[in-house]
Structures are given as C-alpha cells and as structure tokens.
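Here is a short briefing on one protein chain. Look at the structure first, then read the points below.

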Amino acid sequence: MTKQEFLDELSTCLEEQIPGSELTATLNYYREYMAEEEAQGKTEEEVTASLGSPRLIAHSILDAHQEAVTGTTSGYYDAEDETYREEGELPASDKMKNLMVKGGTIAVLLCLAIFTLAAVRFMFPVIVIGIVALWLYRMFE
C-alpha cells in the first residue's frame, strides 16, 4: 500500500466522524511519521505495513475521540489477533473455548443420563425383588 492510499483510506474512515481540524492534525501526524521513517531508509511499503490497517487506526482514533467527548468507548484493538473488536465481543479463540466448554458439559450430562437410565433399568428388577422379599420376610416374622 502506498502512502497516499493509506492516507486516503484513513481520511475516508474518519471524515464526517471527527472535526475537520482533528482530521487534518491526524493526517499531518501520519504524513510526518511516514516521512521520518522513509528518511531512516525504509520504503513506503515497509512504513505503511508497519502501521497496519488504516481502518483499525481509524477505529482507535474514533474511540479516543468518543472517550474524550463522552467518557466511554465502543470497542478495543485486540493485539493478539490484530483485529478491532466491539465492546463485549469475544475473540475467536475465546468463542471456541466457550463452545468447547458448553459441548463438554452437554456431553457429560448426556453420559450421566444414559448411565443413570441403564443403571435403573438393570437395578429395577433387583430392587422390586428385594422389596417383595423384605415384605414377605416381615409378614412371616
């Protein structure tokens, strides 16, 4: 991605979301940063790749703006899998863990139910015979 493509996408994501002066300051900051990095010998592509997604940067900027204005945010950047998440949204790995826990719990409960039914089915005649034998024993005592 070129510098201009990066800045255009960032601008598109931020325009009409934050005041014009803040947008200008943000774009100037990234222009200056990119110029400094290129002055140190990095290519345009290396600089934009190191910055990451302009959309994620825009989300972070919008959250910072929202937090400054209202004191709340709507999401966060998850560095582990490099994605932006809405507040309360679980990472894919946590979603899978939750599914595995729920699936494991259901499997254990199902096994217990099957075992209980099998035990009752096997033990029922023994219990009935035992009750009849006890009743007869007490009756003829």
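Val-120 lies in helix H5, residues 92-139. Helices here are DSSP runs (H or I, at least four residues), numbered from the N terminus. This is a predicted model: local features need pLDDT of at least 70, side-chain atom pairs count only at pLDDT 80 or more, and totals for chains, interfaces and linings use all residues. Residues are numbered from 1 along each chain as its sequence is written, and side-chain values use heavy atoms, with hydrogens and water left out.

**Surface patches**
- Val-120 belongs to a nonpolar surface patch of about 840 Å², along with residues including Phe-124, Trp-135 and Phe-140.
- Patch residues have over 30% relative accessible area and no salt bridge; like charges are joined within 9 Å, and nonpolar side chains (Val, Leu, Ile, Met, Phe, Trp, Tyr) within 5 Å.
- A salt bridge puts a side-chain nitrogen of Lys or Arg within 4 Å of a carboxyl oxygen of Asp or Glu.
- Accessible areas come from the Shrake-Rupley method with a 1.4 Å probe.
- Glu-5, Asp-8, Glu-45 and Glu-46 form a negative patch.
- Helices H1 and H3 each supply at least two of its residues.

**Buried or exposed**
- Buried means under 20% relative accessible area, exposed over 50%, and partly exposed in between (1.4 Å probe, protein chains only).
- Glu-45 in helix H3 is partly exposed, because its relative accessible area is 46%.
- Ser-11 counts as buried because its relative accessibility is 17%.
- Ala-58 counts as buried because its relative accessibility is 2%.

**Contacts**
- Contact means heavy atoms within 4.5 Å.
- Leaving out residues up to four places away in sequence, Ser-11 touches Leu-23 and Leu-27.
- With that same exclusion of residues up to four places away, Ala-58 touches Leu-10, Cys-13 and Leu-14.

Definitions and conventions
Lys and Arg count as positive and Asp and Glu as negative; His and the chain ends are not counted. The place of a charge is taken as NZ of Lys, CZ of Arg, CG of Asp or CD of Glu.
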